[in-house]
Amino acid sequence: MRLPILRRRTIRSTVMLLVVACVLPAWLLVAVVTYASYQRERTEALLEVEVASRRLLRAVEDQLDADQAVLQALAVSGEIDRGDLAAFHRQASSVLSHTSGFTIVLSDAQGRQLLNLLRPPGTALPSHGNPDLSKQVLQTGKARVSDLFISGLTGYPMLSIEVPVMRDGTALYALSLGIDPVRLRERLYQQQLPRDWIVGIIDRAGKFIARIPDGERFAGRDAVPALVHAMRQAPEGWLEASTIEGIPVSGFYIRSGRYGWSVAIGIPQARLTAGLRISAGYYATGLLLLLLGSLALAVTLSRRIAEPVQALVAPALALGRGDPVVVRESSIEEPDEVGRALGRAQQLLLQRATERDRAEEKLALAAKALESAAEGVVITRCGHILTVNRAFSTITGYAPADVIGQPLSMLLIETEAAHREERRRIIMETGVWQGEVWGRRKNGERYPAWSSVSRAPSGQEEPIFVSVFSDISAAKQYESRLQHLAHYDALTQLPNRLLFRERLSDMLARAERHGNVLALLFIDLDRFKPINDTLGHQAGDELLQRVAERLAGCVRTSDTIARLGGDEFTVLLDDLHSPDEAGIIARNILDAVERPYILHGQAQFISASIGIACYPSDSVDAETLLRQADMAMYRAKQEGRNGYRFFAPEINLQASERLFMANSLRAALERDELKLVFQPSISLASGKVEGIEALIRWEHPEKGTILPARFISLAEESGLIEPIGEWVLREAAARTRAWKEAGLFSGRIAVNLSPRQFRRGDLAARLLTVLTETGLPPQDLEFEVTEGMVMEHPERAVLVLTELVAAGVNVSIDDFGTGYSSLAYLKRFPVHRLKIDRSFVSGLPDDRNDRSLTRAVVAIAKSLGLSVIAEGVETQAQADFLRRIGCDFAQGHHFSKPLGADALEAFLRANAGKSLCPERAGLASRAKNESEA
């Protein structure tokens, strides 16, 4: 049985199926790429919303933190304790400008307003506008931030930050800062978010505090229920809902863990899907055009392929037979007949086919090499593109169909056209040109490229040019990054020392050319090291970054701010009319730097010292100006910090003298130029010598007697203070032992410890070694330490002092009241005595403040079981007052000035058993007439 013969497909039908099969994957690929692009754009937009929400919440929290820090600093004001509301009104008014509020209110426990900056002191005031908040603050003793409420004075919605005024662990008053929601709406506008975003700050009750757009209309209104419900379910997250205006949005919200407020940002759904709609329209249009084009192509190809094949069948047979070739129309459909006809012609065409194969192989290799090249290749004639390779499309984004036949200029930016004729001239003369050009990608992006253009022989009148280029954007970016790292500080992004010196030289040249004044400000932060050591280097770095931001806000964009290293900054002020302008800017910088910083949730305060040197009045040399500004800065530190000082010639003289003394001090110990003087301390109860303080002097062969204030700091900086301190201890111990053995003295010898000695881990061991060698018992020695030394690292100070006391040594705190001691630490320090600074004693008994402070120091000491000694007693009236308030001991010129060893020995012999104070009977009648206020 014969099988039925299946009808084979024609060439036309096969070609049409192949065209459709080739086009169909392209349709699917375009659809996938379109949807993937939409998803990527949507994800990027939503991520931008989330980042903006978190940034906005941090900005709101930072503002509330700063405002709360100002209120807490104001809550400890002594004017509240004294009930002086007028003085407190002035004090609160002075700090209001450093906050985001419009008023400060002080209210009592019953919710009555005692003071409101919106009204003069003494004016009748309504009750607290938010009594529930005030009651919570007073009951819990913790700061709170309110939701929106109506002000009792203005009648408008407002917010408040409220902190308790604590005294002895009890909340007596509530101190609040009124905030206008308009200020928070201004914070929203400062974020410079896209105009079609809906942005809002929402309080704990779900009401809008601030909103854009139409912020005034929505302040106090409820947020949409879906958003309120979501915020109550989770502290942050995404949701899709409609706004109050009915606009569908996708939004992100996040709630503040500290204050309970939430920030929400929504992006309209229409914006997210706009790209997809546009792409879908393009896709549909392109799909229809592609379908119609495919059908037309299939018909055309089938006709053009089938007809020639059919027409070549008969000529091929004739060629195989060797007959003359006659091309006739044919309806033969079977391809095997064409194959047999071509097979017969194969032998006749073998030689020509071999040559053709070799030529095709060369062309294939050339094409493969062109497509495999990593560099882009463009072949042009008459300024128009003939062909490109695959790397060209990768670099530029253009497909070959986009550029073939187009002018080469479409690939270059406009400024490259000016060099086009010059490059062509060089190529025509030398055959090749190389250099850097700027191209333009399909998306409009500019990019740098390294190009090599050569002329290829074509045998035609118009030459062919082959351009080989590579994208050097990454190399340019790397070069730019290296330049940035070489010239800018990595932490603050400010110019570093290298770029600062370059700009200083340029500004000096410009100032000389135009006859302008130039000022160099050298800035060093005060008390930065304690913050860095206490809170850690990360907090220190954050503080330096914020200082850099504040410095930028104090100068013009044309000025230069640089960080030289550590906590040192410089500012170059160009084009000034007079040096006075530099002083004004320095004052602004000082005010900006000393505003509180919130680090680790706490308000931290620092200040700065600024030295100023001006061109041309001080110097015309860059290095000299920098050195002069540095010296002026040190002078500002010596004068109390938190100030600025212009350079003056005497500063240079003092610096030279300081260097001379530093070098001379190294040989002072070897040349035996140091000596001790001794000042006795007197018991105010018995009038007898109770102790002796050893003081050092430097007998310089040229400058005479030099007091410690002039050389101790030099010794501390150079490290010489340690051998000097050990010499003082050894000399004082030996002298004291001799006086005790002679029966002249039975008290203790007091020796000052330097900060460098105090920081040594083997202080107690070295002390015991010296005492053992000199034979002085530890109980006969007293160390004096300053407040600054023990408060630099309080926890470590407790350990060091405990170790000294365990060795048997007495410890006293010198200059008490002039530093920043904490009473919480003072009661932990194992000390025996407090020493009242001479600055308090000098105004006694007439100065009311000095009387109050001195009484307070004595009361603190007595409550802690410590004895008190006052220094700098110059008059009998001072001694009488000190004795009456309970001070135990005193020293000063009223009793004896500092004496050499021999003079002190004579003093002790002459006053053995005598009282150096008047009799109590003589003082009794005088005491009745003196005021104790």
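Let's start at S467, which lies in strand 16 (residues 464–471); strands here are DSSP runs of E with at least two residues, helices are runs of H or I with at least four, and both are numbered from the N terminus. This is a predicted model, in which local features need pLDDT of at least 70 and side-chain atom pairs count only at pLDDT 80 or more, while totals for chains, interfaces and linings use all residues. Residues are numbered from 1 along each chain as its sequence is written, and side-chain values use heavy atoms, leaving out hydrogens and water.

**Around S467**
- S467 counts as buried because its relative accessibility is 9% (buried is under 20% relative accessible area, exposed over 50%, partly exposed in between, with a 1.4 Å probe and protein chains only).
- Leaving aside residues up to four places away in sequence, S467 touches G376, V377, V378, S452 and V453 (contact means heavy atoms within 4.5 Å).
- V378 is 89 residues from S467 along the chain, yet their C-alpha atoms are separated by 5.1 Å.

**Nonpolar cores**
- L804 and F829 touch the most other members of the largest nonpolar core, which has 77 residues (a core is a set of buried Ala, Val, Leu, Ile, Met, Phe, Trp, Tyr and Cys residues joined through side-chain atoms within 4.5 Å).
- Helix 22 (residues 721–741) gives the most to this core, with seven residues.
- A second, separate core has 45 residues, including A52, L74, L177 and L193.

**Helices 24 and 26**
- L763, A764 and L767 in helix 24 meet V800, E803 and L804 in helix 26.
- The crossing of helix 24 and helix 26 is right-handed (the near helix is turned clockwise from the far one by less than a right angle).
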